[in-house]
Amino acid sequence: MSFRITGNMKLLKIYLGWIIVFCLVFGVAIWLTNEGRYFNEKRHAVAYASSNFHLKDQANFKRVASEENNTEDTSLSRISNHDTITRVITKQSQRLPLFTKEYLETVAPEIFNRVPEHFLPEYRNPCWLENGTLWCLPYFYIIGFHKCGTTDLFDKLLFHPSVLKVGKEPHWWAIRRLGLKKHFSLHADIIKEVQALPGAQDVSSFAWYLNWFKYQTVAHVQGSSLSIKDSNGTPKTFHSKVFGDGSVSTLTRVIFEPWDKVFPGGEDPDLLPYLMHAIQPQAKIIITLRDPVSRFKSMYYRKFAHGSSPTSLHQYAVLAVRCATKCLKESGVRHCAYFSHCQNLPQIYLGIYVAFIKHWATVYGLENMLILRMEDKLKHPVSEFRKVLNYLELENLSDAECERIMNTKVFNQNKAGHQEMLNETKALLREFYKPFNKQLATFLNDEMYLFGY
């Protein structure tokens, strides 16, 4: 009997040993699988084919905030709670993807094959020689936001003797580069003229973008020569004139329709600042904004110019806030801005400035960008214009000359946007934007970005 019990105990120990080994192997397999998934998310070159644009899994792009809102309360005040929004946006910024230069070269080989690592030092504008021909990229970019005075700022800069005239919005980096041709008919005549140039027929090609500036202004850049002396007193020629790109689509890309509908199978909407920085790390990036409630009203009357009224604006605002609130209950701002299927309503996300500014600042560095408020320009036009000139490192102008420039006609002003807004509309939109304004003011360390509410 004792022999049988002893034999059974030995057999039981063997079984238990195999069970433990199996559990250990199974646990290690699960761990390796999860680690592999984690590193695959960081290595975009594995996730994308080099010859095509592929959209990163929306589930990875989606910033899940459900753990921050673990309640059945779906009221706006609940979703817009400042602490909740702070955690969600902070978490979102920490999860922004990192695109390596090696990966970007597979995404846009045409650009990297043509643009050198270093530009000609005798030009203020970023230029290089290619088979004896001078090519140039913009010196500065005014990248947004919509209806925040970008056109007026761009056109007023053209009064400076060192800034050359060029069509403001080629919309290439964010729009045409990906093959989208509709919605952007601005500069139609120039577009056709550029397309007639050799190798520039395809508006999505980098050759078209370079020829956009080549056709309009590169010759003037080349002809703007000054005689200066270097640190050794040796005379040198310096080309001081510059030009810019004022495409407001660059900052927020296309969000008037869901991203996956406009660009099915297209590139990740987070990619653009990484691509531009890899090409032009020293580019001057300017962002203008205004009270988001005021921007929302101006955008609405511009989009629905005929038959609009304060009442119809209120109805539109109610629908937009309701849809955005529902999306933000489950996801982060950037996912809602690009993938929310709220028909005709995504413009509300444009006023959540902090989500877009943080993304670009992550790449370029906040200290290397200039952010302006339209309200400040209206109150202190001369000092605000000087702020822009200093940032662009352009020659200073006299107060009288700056005042003359700032007193010229306001460009692209939406007169319909001056219609009154119902008090209940203003209250609704202020409640929606308030927590995001707080985040922006904290990020920029400036309470002016609370916009007074």
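**View 1. Helices H14 and H15 lie roughly perpendicular to each other in this predicted model.** H14 spans residues 292-303 and H15 spans residues 310-330. Their axes come within 11 Å and cross at roughly 115°; because angles of 65 to 115 degrees count as roughly perpendicular, the pair is described in that way. The crossing in which H14 passes H15 is right-handed.

**View 2. Side-by-side residues of H14 and H15 form the contact between the two helices.**

**View 3. The largest cavity of the model has a volume of about 110 Å³.** The count of cavities of 30 Å³ or more comes to four. Residues lining the largest cavity include Cys148, Gly149, Leu153, Thr288 and Met406.

**View 4. Strand E8 and helices H18 and H19 each give two or more residues to the lining of the largest cavity.** E8 covers residues 369-373, H18 covers 374-379 and H19 covers 381-391. Among the lining residues are Leu372, Arg373, Met374 and Lys377, together with Glu384, Phe385 and Val388. H19 gives the most to this lining, with three residues.

Conventions:
Residues numbered from 1 in each chain as written. Predicted model: local features only at pLDDT ≥ 70, side-chain atom pairs only at ≥ 80, totals over all residues. Heavy atoms only, no water. Axes fitted to C-alpha atoms, helices over the stretch in contact; angles between N-to-C directions. Helix = DSSP H or I, 4+ residues; strand = E, 2+ residues; numbered from the N terminus. Parallel < 35°, antiparallel > 145°, perpendicular 65-115°, else oblique. Left-handed = near helix turned anticlockwise from the far one by under 90°. Contact = heavy atoms within 4.5 Å. 1 Å grid on protein atoms, 1.4 Å probe; cavity = no way out; pocket = protein on both sides within 12 Å on 5 of 7 lines; lining within 4 Å. Points joined across faces, edges and corners; volume = space filled by probe spheres on them.
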